[in-house]
Amino acid sequence: MTTEVAHAPTVPRIELKSPLEYIVWLLLLLIVVWSLQGTAPPLEGLAKGLARLFAPSGMLAQMFPPDLSRLDRVIWKLVETLQMAIAGVVLGLAMALPLAILAADGLSPHPILRVAARALIAFFRTVPDLIWAIVFIIVVGLGPAAGVLAIMVDKIGFAGRFFAEAMEETDKGPRDALAALGATRMGVIASAVIPAAMPSFIATSLFALEKAVRGSVALGLVGAGGIGVDLKVAFDLFDYDQALTIILLIFVLVLGVEQASAWIRRRII
Amino acid sequence: MLCGVDLPVPYGQSVALIGANGAGKSTLIKSLVGLIEPDAGRISVLGQTIQGLSGRLLRRVRSRVGFVWQKHNLVPRASVLTNVLHGAQARHSGPRTWSQSLAAQEAREEAMRCLEAVGLPEVALQRADQLSGGQSQRVALARVLMQRPEIVLADEPDASLDPQAGDEVMRLLSRMTRDKGLTLVFVSHRLHHALEHADRIVGLGQGRILIDQPAATARPDELRRFFAEPRQ
């Protein structure tokens, strides 16, 4: 008895690419190598730096034990950092909502307004908060007010985009139902769109707060108030034990805000 | 597509629109409140031509016409009472009609009476997305009542419901429009709804009116051809 074994069609392990695809991949690889070569630390330098860091008289050793002598001031500056973040986020969110309504498809009263609102949101989002901080230091001077304004503008850009997208994605059924009974545009938005988008609004707002708390530390480095100023001074004066205290407290603050925000998200959404 | 549809409806009449899928029933009923713009012809509702109206005037006409959708289209995260109160947006704009917590006491009382009329006062403070399909559609009817319309249009209000809940919603809709002497135009895929709740039955096919007769003289055998449901 003879049996014929049917051969399944064979497929190549790697599909042959067109020459153009090879060129694109090669170019990408070259860009990565070029970027690493231009900016990545040389291994020898990195090894020396790490050795200095961990040396008996290095920075790490000088950080311990953390200096708690100025704990009250550090805690107060930490509170100020939190205040900056909360104030900046609340102001930013309050301004982001009307701007998002103007930018949302199907809700904006006019296409020109929609394009203008989108452009403004994109502009606020693309300029980093550190740049805004520098701008506002020029406007209102050194201190937390500049930080609050920088966070506010940054959050208008951040929340404006997400708020607009959340509203665009809401079910059109309730909107149509209210429009069909003669409700005004504002009535439809307030009654049907915002309640439906609320979970997304809350998630975005809490994430904005987390981001602002982390960001407000960095804003202090350029003089826009908060704990960042003290951290910079501690490093500048080689008070590494003081710097460690500040870093640990920042860690506690950020972790606390993240945990609180996760708890609120679970409870409300 | 609709073509050559001439359908004057006198005040207080109940009209059933029947026809197979794609016959143009929903298109017709939606174009009555300007949700679909016709390419040609004239639509007049409550003595007002719909085409070419400004947004404000169209809203004024819409405020006098209650619309019941295939799906209830309630705001899911809002309370039942808030959803009913939204019906008052036909008469008033502003925050007092946005939510039951902001509403005036009289408006809240009226909304509660509307909920009583559909037999659901006990769910007033529940979230709308916690209701069953039948309950949701009854709340949508309460919202229409809150609107105080002169005409009610219903686009297959029983479509997403089981037969029992569908019958209940249709009975309720029919009773509330008759009690208040309102004009009712409804689309239905169930023959017995057309026969029980309409004064007049209009059969559509391929965008044209194929039959238009009083429900009292309608012959079920003749009407069955308009329905997708099998012969019984």
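Biologist: Is Leu46(B) buried, exposed or partly exposed?
Modeller: Leu46(B) counts as partly exposed, because it has 14 C-beta neighbours inside 10 Å. The cut-offs are 20 or more other C-beta atoms within 10 Å for buried, 12 or fewer for exposed, and partly exposed in between, with C-beta atoms placed from the backbone.

Biologist: Before we go on, what sort of model is this, and how do I read the labels?
Modeller: This model is predicted, so local features need pLDDT of at least 70 and side-chain atom pairs pLDDT 80 or more, while totals for chains, interfaces and linings use all residues. Residues are numbered from 1 along each chain as its sequence is written, and chains are lettered from A and ligands numbered from 1 in the order written.

Biologist: Back to Leu46(B), then: where is it?
Modeller: It sits in the loop between β2 (44-45) and β3 (48-49) of chain B; strands (E, at least two residues) and helices (H or I, at least four) are DSSP runs, numbered from the N terminus.

Biologist: Which peptide bond is cis?
Modeller: The one from Phe64(A) to Pro65(A), with omega near -10°. Pro65(A) belongs to the loop between α3 (59-63) and α4 of chain A.

Biologist: New topic: how many residues of chain B are in contact with chain A?
Modeller: 23 residues of chain B are in contact with 18 of chain A (C-beta atoms within 7 Å). On the chain B side, helix α2 (residues 55-62) gives the most, three residues. By class, that side has ten nonpolar, eight polar and five charged residues (Asp, Glu, Lys and Arg are charged; Ala, Val, Leu, Ile, Met, Phe, Trp, Tyr, Cys and Pro nonpolar; the others, Gly among them, polar).

Biologist: Which residues touch the most other members of the largest nonpolar core?
Modeller: Ala150(A), Leu17(B), Val84(B), Val139(B) and Leu153(B), out of 133 residues. The largest share, 16 residues, comes from helix α9 (residues 185-221) of chain A. A core joins buried Ala, Val, Leu, Ile, Met, Phe, Trp, Tyr and Cys through C-beta atoms within 7 Å.

Biologist: What is Val84(B) in contact with?
Modeller: Beyond its neighbours within four places in sequence, its contacts include Ala111(B), Cys114(B), Val139(B) and Met146(B).

Terms used:
Contact = placed C-beta atoms within 7 Å.
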